[in-house]
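Subject: Structure handover

Hello,

Here is the structure for you to open. My notes follow below it.

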Number of protein chains: 2
Amino acid sequence: MLPGELEPITYVDGAVRILDQTRLPHDVVRRCLETLDDTAHAIRAMRVRGAPLIGVTAAYGMALAMRTDPSDANLGAAAETLLATRPTGVNLRRVIVGLRAMLASAAPADREIRAFEEADRLREEDISMNRAIGDHGLPILRRIANHKDGPVQVLTHCNAGILATAGYGTATAPMYRAFDEGLPLHVWVDETRPRNQGASLTAWELGQAGIPHTVIVDNAGGHLMQHGLVDVCIVGTDRTLVSGHVCNKIGTYLKALAAHDNGIPFYAAVPGLSIDWDATDPDAVPIEERDGREVAELAGVRLVPAGTPTANYGFDVTPARLVTGLITERGVCAASEAGLRGLYPEVAS
Amino acid sequence: MLPGELEPITYVDGAVRILDQTRLPHDVVRRCLETLDDTAHAIRAMRVRGAPLIGVTAAYGMALAMRTDPSDANLGAAAETLLATRPTGVNLRRVIVGLRAMLASAAPADREIRAFEEADRLREEDISMNRAIGDHGLPILRRIANHKDGPVQVLTHCNAGILATAGYGTATAPMYRAFDEGLPLHVWVDETRPRNQGASLTAWELGQAGIPHTVIVDNAGGHLMQHGLVDVCIVGTDRTLVSGHVCNKIGTYLKALAAHDNGIPFYAAVPGLSIDWDATDPDAVPIEERDGREVAELAGVRLVPAGTPTANYGFDVTPARLVTGLITERGVCAASEAGLRGLYPEVAS
C-alpha cells in the first residue's frame, strides 16, 4: 500500500526529499529540499500539494530555515514566507502557527532539532489519521457493496490521495481500505482542470495500487449520476468550516449538487487538522486565485486564442446541506457544528 | 457581425467550403468538401460541429452525393452514412430524412440541383432563425441590464455560437444582439472539456466580435454563481425533448443545477429544428460516446498515465425543471410540452 515510490515526502539522513508531483504521471522525480526557499517554491509551484501534505512540508521548511539561521528574526520571517504560499488550506496555518510558538519558546540552538522532530511527528500523525479515516469510511463502502451486484462505484474529484498527504490519503483512504478487504471497487476520477490532479495524480496512485478506475472530464459526473453509475462521492477538503461547509478544489460544489439531485451520498474525508473551528461563514473563506496561464495553457499548448482573458479560482465551498457526512479520524459525523463538536469535544467553542 | 471569416460553411461557384474548426483558434483554415465521404469525415472529426451546422453540412453532403451518383441506391446509402456520423443531435436526422424523401420523389437527373437548392435554403433558414432567437433573447438581457450596474454577466457552455450554426449562433444570438444594441456585456466561457469548444471556438468568435469575455474551466461556474458573478446562463441544445428536457454538451446539467441552486435564470436557445416532438423520456436520448483519447490526450500531450482507461460521454440531459425558459425563433416559452406546443401549434401531437 505504501511502496517507497508512493511516499510523497521523506526525511532520511538529514535530507528532506519530495516526489515532484508536477512531473507525474510520466516521470517519477524526487527532489531534495535544502532551504526554506526551496520549500516555499515547491509549495507554490505545486510540486507538493494537498492541504495535509502542504502542512507537513511546511513543517520541514521551518526546520530547514532553523538549520540555516535559528534566530528569532528568521523564525518569524520563515513563518511568514510559508504562510503566504497558499491561502486557502487550513492545515498550513495551523502547523506554522503552532510550530512558530513552540520554537519561540526553545533556545535557538535547539530549534533545528526540535523542528525536525515536530515535522516527523506531524508526518506520522497524518498517516495515522488517514488510516483511521479509512477505517471509518470502510463501512460506508461495505454497506453499498452488500446491497448491489458489481463494483462499488465511487466518484472522486481532484487528488485527496496518498499524494495529497504524508501517506494513505484522505478521500482515498476508505478506497484503499476497501480494496485491501477485497470489496469490488471502481473509481471514477474527475480529471480536475485546470491542473489535472485527478488525471495525473489520482489515476497514477490508484494505478500503482491496482484499483480499477476510469478518468472522466469534470463535466461528466452529473450524467453518470443521472444514470445510476455512481454509488457514492468521496472528496477531500482544504478547509472544513465548523459549520460543516467544505472548501475543496474548484468544481467540488458542482458534483455535490449532482449527488444531491440524484440521491447519491456525498462525503468529505476530513482530518481534524483541516477543521477551521473559528469560521462559520462560507463567503469569508479566502479563495486562492492562481495564474490564469494554468487555464490558458496546458503542457506548453495554448488552449485559448492569443490575448483571451482567463480566470483561475482554485477552490469552492460546498454548502453543508449538500454533504451527507464528514469522515474524520474519529468517526463519521453530520456536516454541522453539532456533528463536529460531538467528535471533538475538547475544542473550545 | 458576419465577416467572411466567420461563415462556417459556404457554397459558392459549385464548391462547398467549411471552416475547419479543429484548427481554431490558432489557424483559420478553409477546406473544400468534394464528396459525401469528405462531408461525413468532416462531421465525425468535428471539423464542423454544433447541431444546426451539422444539419446544414449534411444537406450539402447529400447534394455532393447526388452530384456523384443520383441513383436511388446512392440516395439511400448517402443518407445512412450521414445519419451514422453523430447520433445525439436531432437536426441531422430531421434534415436527412426530409431531404431523402424530397429527393426520392424527384427524377435522378434533377436531384443534384434540388439538393443544393434545399441545402442553400436550410442554410439561410438557419441564419434567419438564429437572428429571431437573438431578437427574442434580447429582452432577457435588457431586463437584467436595467436592474444592475456594470455589465450583464452571461455564462455559456460549449459553443452554441456562429460556429455551431450556419451563422449568428443560437445561444450567442441574444449576446450579439445585445452587444449591437450597446448593452454592457461580459461572457464567462466554459472551456468545455474534453474538446475545449468554449476555449477555442466561443472565445475566438466572441473575440472576433469584440464582446468582452473570460475563459474559465468547467469547474468554476458554480463558484461564480455562488458569488453573484453570473446573471444568466444561456446554452445551446442538440436535442430538446417535447417535454422540455434539454440535451446539450456534457456538463450543461451541472451548470443548470448551480444556476437553480443560486436562483439564476438558465435558458436554452432552441431552434425549432432541434425539438424532438416524439420524445419525452430523457433516458431514451442516445448519448454519443466518443473516443476516450479525446479525454486522455490534448494536442498530442498525454494527460493520464499510460494504460489508464477513460470514458467520453458527449452529452447530458438537463431536466426541464432546471430550465427557466426556451428561447426559440418564435419567442420564449416554458420548458414544457405546453410551452413548446403553444409556440408550434401546427406540429401534430
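First, the ground rules. This is a predicted model, in which local features need pLDDT of at least 70 and side-chain atom pairs count only at pLDDT 80 or more, while totals for chains, interfaces and linings use all residues. Residues are numbered from 1 along each chain as its sequence is written, chains are lettered from A and ligands numbered from 1 in the order in which they are written, and side-chain values use heavy atoms, with hydrogens and water left out. Helices (H or I, at least four residues) and strands (E, at least two) are DSSP runs, numbered from the N terminus.

Strand β4 of chain B

Strand β4(B) covers residues 152-156. It is largely enclosed by the rest of the structure, because 5 of its 5 residues are buried. Buried means under 20% relative accessible area, exposed over 50%, and partly exposed in between (1.4 Å probe, protein chains only). B:V152, B:V154 and B:T156 point one way from the strand. B:Q153 and B:L155 point the other way.

β4(B) pairs with β5(B), residues 185-190, in the parallel sense over 5 bridges. Two strands pair if DSSP finds at least two bridges between them. β4(B) also pairs with β7(B), residues 232-235, in the parallel sense over 2 bridges. There, B:L155 has B:C233 as its bridge partner.

Chain A has an open sheet of 7 strands with mixed pairing, in the order β6-β5-β4-β7-β10-β15-β16. Its edge strands are β6 (213-216) and β16 (331-333), each pairing on one side only. Neighbouring strands are turned by 25 degrees against each other on average, direction ignored. Axes are lines fitted to C-alpha atoms, for helices over the stretch in contact, and angles run from 0 to 180 degrees between N-to-C directions.

β5(A) and β6(A) pair in the parallel sense over 4 bridges. A:W188 stands opposite A:T214 in β6(A). Two helices lie across strands of chain A. Helix α5(A) runs at about 135 degrees to β15(A). Helix α6(A) runs at about 155 degrees to β5(A).

Two residues to look up

B:R123 is in helix α5(B), residues 108-146. It is buried, with a relative accessible area of 13%. A polar atom of its side chain lies 3.1 Å from the backbone oxygen of B:I9. Not counting residues up to four places away in sequence, B:R123 touches B:E7, B:I9, B:T10, B:V56, B:Y60 and B:A166. Contact means heavy atoms within 4.5 Å.

B:A203 lies in helix α7(B), residues 197-209. It is buried, at 1% relative accessible area. Leaving aside neighbours within four places in sequence, its contacts include A:P305 and A:T308 from chain A, and B:V189 and B:H213 from chain B.

The two copies

A rotation of 180 degrees with 0.0 Å of shift along its axis superposes chain B on chain A (RMSD 0.0 Å). The two copies are thus related as by a two-fold rotation axis. The same surface serves both: 100% of the contact residues of chain B recur in chain A. Superposition is by least squares on the C-alpha atoms of residues with pLDDT of at least 70 in both.

Best wishes

Terms used. Polar contact = N/O pair within 3.5 Å; in protein donor to acceptor, adjacent residues only side chain to side chain.
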